[in-house]
Amino acid sequence: MSEPTLAAVATRWYDENARDLPWREPGVTAWAVLVSEVMLQQTPVVRVLPAWHAWLSRWPGPAELAADPPAEAIRMWGRLGYPRRALRLRDCAVALVERHDGTVPADLHALLALPGVGDYTARAVLAFAYGQRHPVVDTNVRRLVARAVAGAADAGPSTRPADLVATEELLPPEPAAAARASAAFMELGALVCTARTPRCVDCPLATRCAWLASGEPAPTGPTRRPQRYAGTDRQVRGLLLAVLRETPGPVSRDRLDLVWSDDVQRARALATLVEDGLVTSHSDAVYTLPGALPHTQPL
DNA sequence: AATCCGTGGTA
DNA sequence: TTACCAAGGAT
């Protein structure tokens with residue numbers, strides 16, 4: 001009798017230890033799964049949970065979201081971060097209505113063509129919403145495979161084609177089992193094989209882990225210096241957009257001038273927000289979220 | 001390929 | 001307090 005596969009061990013662990021996340025419940029629509037995946041791009045689960053419920057309560061399907069202006073999507077996005085995702089999710093809803101009769105396609109190529117949907121999200125939808133057999137490679141899976149299989153301390157900074165191949169080879173042949181194994185790998189990476197302090201004592205793969213077997217070698221290669229946030233254009237954009245989000249009507253330039261003292265940087269940040277389609281500039285120095293009515297009294 | 005894009009919790 | 005990190009995508 002041969003050893004059980006990594007996927008089998010991970011799946012057994014998942015059956016006992018998985019979190020009860022609402023987008024994993026049976027009967028959840030592909031649209032709801034897609035919304036969860038987009039919200040989870042770089043945003044922690046605990047912050048996504050209430051936003052996901054509110055979003056789907058307001059827009060049960062792509063057609064409802066596509067019918068509302070971008071301003072509503074940006075407001076509903078709240079403080080999840082990276083608000084361009086809200087814009088792209090609405091653009092995606094429009095594309096689903098126009099190209100796919102308001103449905104989420106069960107096809108990799110069609111999904112990859114949608115705004116805001118990349119290699120990870122497309123395969124996650126196919127696996128988790130449609131039960132198809134695809135490698136689902138996120139930061140958790142990259143890290144888990146790097147350690148358990150490659151024996152490295154950490155994965156590279158971005159997903160590479162080789163990561164897809166290495167992960168696909170771990171999956172069982174049966175599509176439904178493969179999808180479940182992908183969820184299990186992600187959950188193991190998120191809860192046990194964590195970035196900073198992996199809980200190897202609780203890991204079902206510990207006896208099979210190449211990184212543990214080689215004595216937990218330290219990470220090799222250059223450590224990229226962290227992205228700062230304070231003082232960046234991103235912070236200024238965040239401050240500007242927060243005012244637009246929280247103000248019911250139009251906002252005057254005078255009001256926006258209050259959020260950041262550096263005139264040059266503030267103007268640059270506002271200009272890029274307009275370029276990105278997150279803010280609309282009207283005549284006489286008045287700004288709104290895109291699609292919002294500009295003619296009430298500016299604050 | 002490297003950089004940009006928000007926000008908040010944690011050690 | 002600072003630095004890291006969180007189910008990435010677009011350019």
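How many salt bridges does the rule find across the interface of domain 1 and domain 2? The rule finds two (a side-chain nitrogen of Lys or Arg within 4 Å of a carboxyl oxygen of Asp or Glu). The model is predicted, with pLDDT of at least 70 needed for local features and 80 or more for side-chain atom pairs, while totals for chains, interfaces and linings use all residues. Residues are numbered from 1 along each chain, chains are lettered from A and ligands numbered from 1 in the order written, and side-chain values use heavy atoms without hydrogens or water.

Chain A is assigned domain 1 (6–213) and domain 2 (233–288), with bounds from an automatic or database domain assignment. Their centres, taken over C-alpha atoms, are separated by 32 Å. Eight residues of domain 1 and 12 residues of domain 2 make the contact (heavy atoms within 4.5 Å). The two domains bury about 800 Å² between them, 53% of it on carbon and sulfur atoms. Buried area is the accessible area (1.4 Å probe) lost on putting two parts together, summed over both. On the domain 1 side, I74, R75 and R84 lose the most area to domain 2, together 52% of what that side buries.

The second largest pocket lies between the domains, because both give residues to its lining. A pocket is an open set of points on a 1 Å grid over the protein atoms alone, where a 1.4 Å probe fits, with protein on both sides within 12 Å along at least five of seven lines; lining residues have an atom within 4 Å of a point. Of its 23 lining residues, G81, Y82, P83, Y229 and R234 are the closest to the centre.
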